[in-house]
Amino acid sequence: MSTAAAGHHEHDHDDHGPAKGWTRWLFTTNHKDIGTLYLWFSLVMFFIGGGMALIIRAELFQPGLQLVDPLFFNSMTTMHALVMIFGVVMPAFVGLANWMIPMMIGGPDMALPRLNNWSFWIMPFAFTLLLSTLFMEGGGPAGGWTLYAPLSLQGPDSFAFVIFAIHFMGISSVMGSINIVATIFNMRAPGMTLMQMPLFVWTWLITAYLLIAVIPVLAGAVTMLLTDRFFGTSFFNAAGGGDPVMYQHIFWFFGHPEVYILILPAFGIISSIIPTFARKPLFGYASMVYATGSIAFLSFIVWAHHMFTVGMPLAGEMFFMFATMMISVPTGVKVFNWIATMWRGSMTFETPMLFAIGFLVMFTIGGLSGLMLAITPADIQYHDTYFVVAHFHYVLVPGAIYSIMAATYYWLPKWTGNMYDEKWGKIHFWVSTVFLNVLFFPMHFVGLAGMPRRIPDYSMQFADWNAVATIGAFGFGFSQLIFVWVVLKCVKGGEKATDEVWEGAEGLEWTVPSPAPYHTFEKPPAQFS
Amino acid sequence: MSLILRVFVAAMLLVSIAACTGNNMPVGVTPISKETYGLHMMIFWVCCAIGAAVFAVMFYSMFMHRKSKGAKPADFHESTLVEIIWTAVPLVILIAVAIPAAKTLIAMEDTSDAEVTIKVTGYQWKWQYEYLDSGISFFSTLDAEHNVARQVGSGVDVSKFDNYLKEVDNPLVLPVGKKIRFLHTSADVIHSWWVPDFAVKKDAIPGFINENWAFIEEEGTYRGKCTELCGRDHGFMPVVVEAVSAEKYDAWVAENSPAKITIADSGAAAGAAVTATADADDDREWQMDELMATGEKVYNQACASCHQVDGKGLAGAFPAIAGSAIATGDHDAHINIVYAGKPGSAMAAFAAQLSNTEIASVLTYQRNAFGNNVGDTIQPSAIKALR
Ligand SMILES: [Cu+2]
């Protein structure tokens with residue numbers, strides 16, 4: 001706390017607990033408090049974004065339009081994505097980073113605690129702004145989360161709020177990332193080298209650089225939309241000498257690294273959990289680090305695989321096809337590493353491990369359909385169909401979301417000092433996993449059979465699988481209430497957790513008491529020096 | 001272990017059955033679509049094989065190496081040899097897949113030596129087809145009955161339609177056995193013209209022209225969709241192609257060229273309605289009730305998706321026509337916004353989409369429907385004068 005305590009908050013130095021009352025949360029500079037805020041925020045948004053998904057699935061339950069106007073349907077698909085990406089997955093990872101990175105590297109707090117407070121508190125404002133557009137004249141944004149010009153420019157005046165909301169989220173992300181980079185480089189326990197850091201720290205370090213590199217690109221793109229829409233410029237308007245496809249290039253130059261921003265921290269989490277429950281060290285630590293680095297690098301040169309139908313030159317299509325296929329190599333290295341870690345271990349299957357294995361299986365399925373999508377001629381058939389929807393939901397839901405749940409179950413005893421209810425944790429896993437596959441697997445079929453994405457109504461031939469998917473969606477959605485209940489119950493009380501919590505756990509975070517005291521590692525750990 | 005194997009085999013069987021019963025990519029009727037299907041199945045089986053191998057090892061390990069079975073953790077890690085192998089093997093597989101994919105891609109992009117050229121223009125929310133060789137040009141919109149059925153709360157049981165949302169008023173007629181080149185562009189936002197059976201999908205981008213091609217090998221009706229989100233009625237702009245023999249095609253062209261069919265001629269067989277006769281009608285004085293009758297039809301077909309059937313619009317997105325200052329004000333402004341559109345907004349220019357009579361009728365209709373009782377008419381001759 002040396003930075004924050006430098007001013008007049010001298011008392012912060014001692015072993016004091018948190019401040020009393022609600023202002024604790026408003027003014028906190030404590031990494032654990034801020035981590036908690038991020039995680040609760042993300043959970044609330046998860047239900048808001050999930051509610052939107054259920055509106056979408058309810059309308060798609062049967063052919064014909066039963067419930068909503070198509071324009072509102074479009075704004076639901078748009079908002080669902082924006083909320084889930086920027087409001088759920090990213091804040092949850094930042095929350096985990098806040099909680100765990102200082103404890104994992106033996107540092108007392110984040111390097112820039114006040115910036116940290118600000119990074120979080122921007123988020124509720126950003127999302128209030130974003131969600132409020134749904135109640136404005138003309139409704140929320142309805143041009144898809146990618147905000148492609150010129151469609152997004154046709155939207156109502158509330159579009160300006162959407163753009164400002166994105167700017168705020170971006171500022172928050174960039175500040176959070178700068179903080180993470182500064183923390184990792186400056187706050188490590190004396191003697192801890194980079195190659196001794198836990199993989200979660202490594203993957204976050206790389207993710208933070210990705211964010212710092214691409215969020216400004218997104219900011220630029222949406223600012224050009226803003227001036228095109230309100231100030232008469234023609235960046236993306238062909239009639240004024242602009243180019244609508246340029247928007248897509250800029251957007252996906254942000255968007256593809258963004259995809260990895262949403263999955264690299266998950267890789268780190270899984271790399272922490274599997275060794276613990278296999279009671280065996282990670283098979284190839286160094287190769288995992290290099291694989292993460294290669295994925296991050298490749299993520300900058302594959303963006304146009306989202307655009308194989310825009311009419312690129314042949315050479316461009318070839319390049320992006322080969323580069324995209326290349327990504328499956330380091331991704332494969334990761335999957336093989338996790339399996340080799342399990343191999344001849346001594347495994348137990350507590351809830352975090354179940355979620356990690358769920359991740360491993362279903363992320364692999366999503367990865368393999370990704371490989372299919374890389375094959376350009378085939379992609380021309382898959383593009384903008386439900387096959388793509390199936391693909392990215394497989395990598396994001398049992399991928400990113402499952403990793404976040406695995407992490408929550410894994411570290412919850414450290415955060416609260418109590419064990420969660422193992423039986424209900426397992427029920428949560430199994431119910432979610434069954435419904436999730438009922439929800440997303442059929443989307444592969446309807447997509448291949450020709451159902452475009454982002455449509456509120458469809459032909460009879462898609463009716464059966466859509467009904468099935470909707471049942472899965474409601475089942476999956478409601479089973480998340482189990483998660484909330486297990487977490488709340490664990491926060492309130494339960495069997496006391498030991499400091500180590502898990503038999504096979506390694507790492508500095510397990511050397512501090514459970515629950516982790518308000519300030520940890522005020523004196524750095526000695527084992528590295 | 002055998003349980004896992006059985007579950008796995010059962011799952012694969014289910015997937016295969018699903019794949020064989022209309023839940024897979026169509027093989028299609030062009031050389032490219034067949035090659036694409038082949039690529040798709042090849043990469044699909046490659047993925048299945050990789051998945052099967054990975055999951056087999058994983059599940060084996062999960063059963064054999066569990067603590068409850070007394071497994072003691074080994075302590076091996078880092079093996080350069082193993083790591084080289086699992087980097088190199090996928091690389092080799094990828095190269096093996098990339099070669100045929102590249103070949104198909106090159107063939108796909110070769111639009112040279114086409115015998116027929118069709119320009120496809122996307123509009124919110126319809127397609128315009130222009131036969132550049134014969135001058136035929138018409139719009140193709142969702143079938144009127146489907147359009148009624150698909151409204152929110154229409155109360156129509158949509159399962160009674162054979163091809164719900166896949167039927168249009170005027171299908172695109174194409175010959176089999178000829179290389180057909182498509183030029184794609186858009187009049188407003190980005191659309192994407194997709195016919196799965198041809199493996200043709202290309203974005204229609206305003207201000208730019210994209211191209212691709214198809215060589216149809218079998219006669220038949222082929223259906224597709226717009227696949228790029230293009231606004232409120234994105235889900236309701238189907239593509240229907242009627243592929244006929246070269247002789248029938250020539251006959252059809254001879255019968256129809258040079259024809260100009262506008263969007264409101266719904267229900268007419270492809271190419272049957274020609275506005276040439278209507279053009280002669282432009283100069284006469286039209287009666288209010290004639291204009292209102294045609295106007296209502298045109299309005300519901302071309303304007304209602306935005307301004308709504310009741311003329312009330314959607315607040316903030318599409319202005320109401322009921323009580324609109326423009327639709328109840330002087331003729332010039334009203335004619336102009338429909339004829340020339342409003343750049344930068346969703347309100348398109350309808351000059352090229354509608355005939356003089358149609359524009360005059362829809363304007364008259366707007367002035368006198370939804371409680372706008374202006375009481376005057378706008379005559380086709382006034383529109384003709386602008387051309
Ligand atoms: Cu469209």
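**A colleague's note on this model**

1. Let's start with Ser172(A), a residue of helix H6 of chain A, which covers residues 159-186. Helices here are DSSP runs of H or I with at least four residues, strands are runs of E with at least two, and both are numbered from the N terminus. Ser172(A) is buried, as its relative accessible area is 3%. On this scale buried is under 20% relative accessible area, exposed is over 50%, and partly exposed is in between, with a 1.4 Å probe and protein chains only. Leaving out residues up to four places away in sequence, Ser172(A) touches Tyr38(A), Ser119(A), Ile122(A) and Met123(A); contact means heavy atoms within 4.5 Å.

2. Before going on, some housekeeping. This is a predicted model, in which local features need pLDDT of at least 70 and side-chain atom pairs count only at pLDDT 80 or more, while totals for chains, interfaces and linings use all residues. Residues are numbered from 1 along each chain as its sequence is written, chains are lettered from A and ligands numbered from 1 in the order in which they are written, and side-chain values use heavy atoms, with hydrogens and water left out.

3. Now compare Met42(B), which sits in helix H2 of chain B, residues 31-64. Is Met42(B) buried, exposed or partly exposed? Met42(B) is partly exposed, at 29% relative accessible area. Apart from neighbours within four places in sequence, Met42(B) is in contact with Val97(B) and Pro100(B). From the C-alpha atom of Met42(B) to that of Gly224(B) is 24 Å, and these two residues are 182 apart along the chain.

4. As background, an α-helix has 3.6 residues a turn, so residues three or four places apart point the same way.

5. How much area is buried between chain A and chain B? About 8,100 Å², and carbon and sulfur atoms give 70% of that. Three residues, Gln154(A), Phe283(A) and Gln381(A), supply 9% of what chain A buries against chain B, more than any other three residues. Buried area means the accessible area (1.4 Å probe) that two parts lose on being put together, summed over both. The contact involves 100 residues of chain A and 95 residues of chain B.

6. Polar contacts come next. Across the interface of chain A and chain B there are 23 residue pairs in polar contact, both residues at pLDDT 80 or more. Elements that give two or more residues to the chain A side include helices H4 (70-105), H8 (244-261) and H11 (314-342) of chain A. H11(A) gives the most, with 16 residues. By class, the side of chain A that touches chain B has 62 nonpolar, 26 polar and twelve charged residues. A polar contact is a pair of N or O atoms within 3.5 Å; within protein, one must be able to donate a hydrogen and the other to accept it, and residues adjacent in sequence count only if both atoms are side-chain atoms. For the classes, Ala, Val, Leu, Ile, Met, Phe, Trp, Tyr, Cys and Pro count as nonpolar, Asp, Glu, Lys and Arg as charged, and the others, Gly among them, as polar.

7. Two salt bridges are counted between chain A and chain B, where a salt bridge is a side-chain nitrogen of Lys or Arg within 4 Å of a carboxyl oxygen of Asp or Glu. Arg232(B) pairs with Asp69(A) at 2.7 Å, N to O. Glu503(A) pairs with Lys67(B) at 3.0 Å, N to O. That pair crosses between chains, from the segment after helix H16 (463-492) of chain A, where Glu503(A) is, to the loop between H2 and helix H3 (80-108) of chain B, where Lys67(B) is. Glu503(A) is partly exposed at 48%, and Lys67(B) is partly exposed at 36%.

8. Inside chain B, the side chains of Asp233(B) and Arg150(B) form a salt bridge at 2.9 Å, N to O. Asp233(B) is in the loop between strand S9 (220-226) and S10, and Arg150(B) is in the loop between helix H4 (144-149) and S4 of chain B, so the pair ties together parts that are 83 residues apart in sequence. Both Asp233(B) and Arg150(B) are buried. Asp69(A), Arg150(B), Arg232(B) and Asp233(B) are linked in a network of salt bridges.
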